[in-house]
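Biologist: Take me through the terms applied to this model, and say what each one rests on.

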Amino acid sequence: MTPDPRAPRTPPTSLPALAAALRGLPPSCGPVRLIAVDGHAGSGKSTFARRLAEALGGAPVLRLDDIASHDQLFDWTERLRGQVLDPLSRGETARYAAYDWHERRFGAAEHPLPPAPVVLVEGVGAGRRALRGHLAAVLWMDVPREAAWQRGRRRDGAAQRDFWDGWEPAELRHFTEDPSRPFADLLVRQCPEGYEVLRGPSGAPTGTLVVTHGEDSSAVR
């Protein structure tokens, strides 16, 4: 049946509405609803996670860039488990040392991550197989790989060209062996109004939400 173009359009759903839906999920890691924001490098994960955290009233965000390192771009599961997942599962504040990508070493200071009702884990591989049992939902930034990588290279400039030359085959290998998108509960796409949130390959039939993010129309950087 073809929709009637004269019919009134459904008003966009606000970003806080998505936040409310996530808050309504069952806890997945002790008392915490752990939400993964995954996608290719350059797909806009950090910006989306920051806006979603704000809509959640200041939810903590763990950036996987702080857990990974030059030597272990994707081999960080046990570090995450020991420093973050195990404490959160006990209802305790997690503490982790963040990696300094310029100094090429982990810092001495420990960063606290409290067992808030919702905690976001943002980064490439956040929805990996080894973590999914601890996750309440997997959100996938649905930007094609090549487009995301081109955006990331433009963002980082010539100074990071060598890093990207090594990153791209490593990311391709990771997602070939351990894909996240087929297990995503929601797909997040940029649109003129903000973000469009669609049912993912593994998600419940939630329909389509158009999520706005206010006056700033640039959803990805």
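Biologist: Which residues point one way from strand 2, and which the other way?

Modeller: R33, I35 and V37 point one way, L34, A36 and D38 point the other way, and all are buried. Buried means under 20% relative accessible area, exposed means over 50%, and partly exposed is in between (1.4 Å probe, protein chains only). This is a predicted model, in which local features need pLDDT of at least 70, side-chain atom pairs count only at pLDDT 80 or more, and totals for chains, interfaces and linings use all residues. Residues are numbered from 1 along each chain as its sequence is written, and side-chain values use heavy atoms, with hydrogens and water left out.

Biologist: What makes strand 2 largely enclosed by the rest of the structure?

Modeller: Six of the six residues of strand 2 are buried, so the term applies. Strands here are DSSP runs of E with at least two residues, helices are runs of H or I with at least four, and both are numbered from the N terminus.

Biologist: Why is strand 6 described in that way?

Modeller: In strand 6, residues 118-122, five of the five residues are buried, so it is largely enclosed by the rest of the structure. Both of its faces are covered, with V118, L120 and E122 buried on one side and V119 and V121 buried on the other.

Biologist: How do you know that strand 2 and strand 6 are joined, and in what sense do they run?

Modeller: Five bridges join strand 2 (residues 33-38) to strand 6, and the two run parallel. Two strands pair if DSSP finds at least two bridges between them, so five bridges make strand 2 and strand 6 a pair. I35 stands opposite L120 of strand 6, and V37 stands opposite E122.

Biologist: Which other strand is paired with strand 6, and over how many bridges?

Modeller: Strand 3 pairs with strand 6 in the parallel sense over three bridges. L62 has V121 of strand 6 as its bridge partner.

Biologist: In what sense do strand 2 and strand 7 pair?

Modeller: Their pairing is parallel, over four bridges. D38 has W140 of strand 7 as its bridge partner. W140 also has L187 of strand 8 as a bridge partner, and three bridges join strand 7 (residues 137-141) to strand 8 (residues 186-191), which run parallel.

Biologist: How many bridges link strand 8 and strand 9?

Modeller: Six bridges, in the antiparallel sense, with strand 9 covering residues 194-199. A hairpin of two residues joins strand 8 to strand 9, and L186 stands opposite R199 of strand 9.

Biologist: Why does D65 count as partly exposed?

Modeller: D65 has 38% relative accessibility, so it falls in the partly exposed class. D65 is found in the loop between strand 3 (61-63) and helix 3 (77-89). Leaving aside neighbours within four places in sequence, D65 is in contact with Y99 and W101, where contact means heavy atoms within 4.5 Å.

Biologist: What makes G57 exposed?

Modeller: The relative accessible area of G57 is 67%, and therefore it is called exposed. G57 is found in the loop between helix 2 (45-55) and strand 3.

Biologist: Why is helix 4 called roughly antiparallel to helix 5?

Modeller: The axes of helix 4 (residues 145-156) and helix 5 (residues 161-177) come within 11 Å and cross at roughly 160 degrees. That makes helix 4 roughly antiparallel to helix 5. Angles over 145 degrees count as roughly antiparallel, under 35 as roughly parallel, 65 to 115 as roughly perpendicular and the rest as oblique. Axes are lines fitted to C-alpha atoms, for helices over the stretch in contact, and angles run from 0 to 180 degrees between N-to-C directions.

Biologist: Which residues make the contact?

Modeller: Helix 4 contributes R145, W149, G152, R153, R155 and D156, and helix 5 contributes R161, W164, D165, W167, E168, E171 and L172. These residues divide into four nonpolar, one polar and eight charged. Ala, Val, Leu, Ile, Met, Phe, Trp, Tyr, Cys and Pro count as nonpolar, Asp, Glu, Lys and Arg as charged, and the others, Gly among them, as polar.
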